[in-house]
Structure formats: structure tokens, C-alpha cells
Amino acid sequence: MAPSTYTVPPLPYAYNALEPCISEQIMTLHHDKHHVGYVNNLNAALKTQADQTSARPESEEAELQAVISFNAGGHINHTLFWESLAPPGSAKTQESASPKLQAALTEKWGGMAAFKAEFKKVLLGIRGSGWGWLACSQEKGELHLMSSKDQEIVPRGYKPLLGIDMWEHAYYLQYLNNKAGYVEKIWEVVDWETVEGRFSRSMEEVYGSLHDLKASL
């Protein structure tokens, strides 16, 4: 059986559309090099797995699964990331574009300023590379802030609403070691309309065509 083959979705906006918050140079390298790299490595690992003609040593199988998980996570996380950004000043980036979510955020944290302050703590508290997430528990529908290491996805039982990439390749060429500056500016390009949609949709709808890949991890 032929393995699934994945492709990098095009950005839903121009490479320079997020300036001055995120530069065209960063968006081009991030999307066309880093994301493409995750997908190429994922496809190669899945082909290696499918071409297996005999049982591998347990250590080799574990290494292959680690490669698949890492690159699958990179593909999933970045796809969600691109979808949750929009040009600064556009209607989608207005907090009023997510009335139901804004009400839930206010109920949970007491207001948007307090929510952003708590999210900032999560983002700047990441050691090394990783992601910060606003997620919703499937069981109770409660909002949570959390982080994931490297390219790990949001844990089972939680639906991702908004993920912020805190790998250096997401900001360093523009912000250098000023991670706090990147975190402050990212709010200007958050697509609250998309985040609101995820808040209301099912897990399957949020992950879309990548739901089966996510479920395999």
C-alpha cells in the first residue's frame, strides 16, 4: 500500500502581507524552507516505512517513528499557524471578530489584557524551541494555555485554537534575541476570525485534511 504523501499548502496571503510585524524574508524562509523541509522529511520517512520488506531492529523502528512524529508535528503545527495569521489592520485581526471566544477569554482570565499577559508568560517561558498554545479541552470545553516542545502537537483531549511558533526561525532574522518584541507584535496579526471558528468547530474540522495524520501520532 502506497504511503500518504503530504504537500505544503500555499500561504493564504502574500509573503509580505504581515509586515511590519513579520518580515517578508522570514515568511519566505519559514514557509518555503522550514515547512517544506518538514514535509519532505515526513514523506521520505513514510516511504521508508512503507518500503519495509522485513522486520527492522526495534531501535531502528523507534528512530523512524521519532522522525515521522517530529516532521508530522512540524507540518501540522505550521499549517495551523499560517491559517491563524492575517494582515495587520484587516478585519480578521480585530478582536471583535471573535465575540464568543472573547467572552470566554474574559470569563477565564478577566479580560484580554490579562489573557495576553498570561500567554506571554507561557511563550517566554519556553526553553529552547517549541510552541505556545491556546487550546480547548474536549471533555469540558474549558480554555487552557500550554506549551509543547520542539514540534510536538497539542496533547490528546485538547483542540488547538491558536498556536504561536517560538522557534528562532520564526522571528530571529527580524527580532534577534528580542523574543518579547516578537510576542508583542504577533497579536497584531492574529486572525481572530479563524480562531473563533476553531472555538466552535469539531476537532476533525479544525485539523481538516490533516486529521488522520494527527490521529496517527
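L176 sits in the loop between α5 and α6; helices (H or I, at least four residues) and strands (E, at least two) are DSSP runs, numbered from the N terminus. The model is predicted, so local features need pLDDT of at least 70 and side-chain atom pairs count only at pLDDT 80 or more, while totals for chains, interfaces and linings use all residues. Residues are numbered from 1 along each chain as its sequence is written, and side-chain values use heavy atoms, with hydrogens and water left out.

**Exercise 1. Helix α3 and its two partners**

Describe how helix α3 packs against α4 and against α7.

Solution. 
1. For α3 (residues 99-109) and α4, the axes are 8 Å apart and the angle is about 75°. This makes α3 roughly perpendicular to α4; the class covers 65 to 115 degrees, with angles under 35 counted as roughly parallel, over 145 as roughly antiparallel and the rest as oblique.
2. List the contacts (heavy atoms within 4.5 Å): Q102, L105 and W109 of α3 meet M112, A114, F115 and E118 of α4. By class, this contact has five nonpolar, one polar and one charged residues; Ala, Val, Leu, Ile, Met, Phe, Trp, Tyr, Cys and Pro count as nonpolar, Asp, Glu, Lys and Arg as charged, and the others, Gly among them, as polar.
3. For α3 and α7 (residues 192-200), the axes come within 8 Å and cross at roughly 75°. Hence α3 is roughly perpendicular to α7.
4. On the α3 side, P99, K100, L101, Q102, A104 and L105 take part, and they meet W192, V195, E196, F199 and S200 in α7. The contact of α3 with α7 has seven nonpolar, two polar and two charged residues.

**Exercise 2. Helices α4 and α6**

Classify the crossing of α4 and α6, and state what covers the buried residues of α6.

Solution. 
1. The axes of α4 (residues 112-124) and α6 (residues 179-186) come within 11 Å and cross at roughly 140°. The two helices are therefore oblique to each other.
2. Residues K120, L123 and L124 in α4 meet K179, A180, V183 and E184 in α6. Sorted by class, four are nonpolar, none polar and three charged.
3. In α6, the buried residues are G181, Y182, V183 and I186. Their cover includes α2 (58-83), α4, β3 (158-165) and α5 (172-175).

**Exercise 3. Core and buried positions**

Identify the residues with the most contacts inside the largest nonpolar core, then list the neighbours of L134, L145 and I76, not counting residues up to four places away in sequence.

Solution. 
1. A nonpolar core is a set of buried Ala, Val, Leu, Ile, Met, Phe, Trp, Tyr and Cys residues joined through side-chain atoms within 4.5 Å. The largest has 63 residues, and F115, F119, L134 and Y182 have the most contacts inside it.
2. L134 touches L105, W109, F115, F119, L143, H144, L145, K159, P160, L161 and L162.
3. L145, in strand β2 (residues 143-149), touches W109, F115, E118, F119, V122, W133 and L134.
4. I76 lies in α2 and is buried, with a relative accessible area of 1%. The neighbours of I76 are I153, Y207, L210, L213, K214 and L217.

Key
Axes fitted to C-alpha atoms, helices over the stretch in contact; angles between N-to-C directions. Buried < 20%, exposed > 50% of the residue type's maximum accessible area, 1.4 Å probe, protein only.
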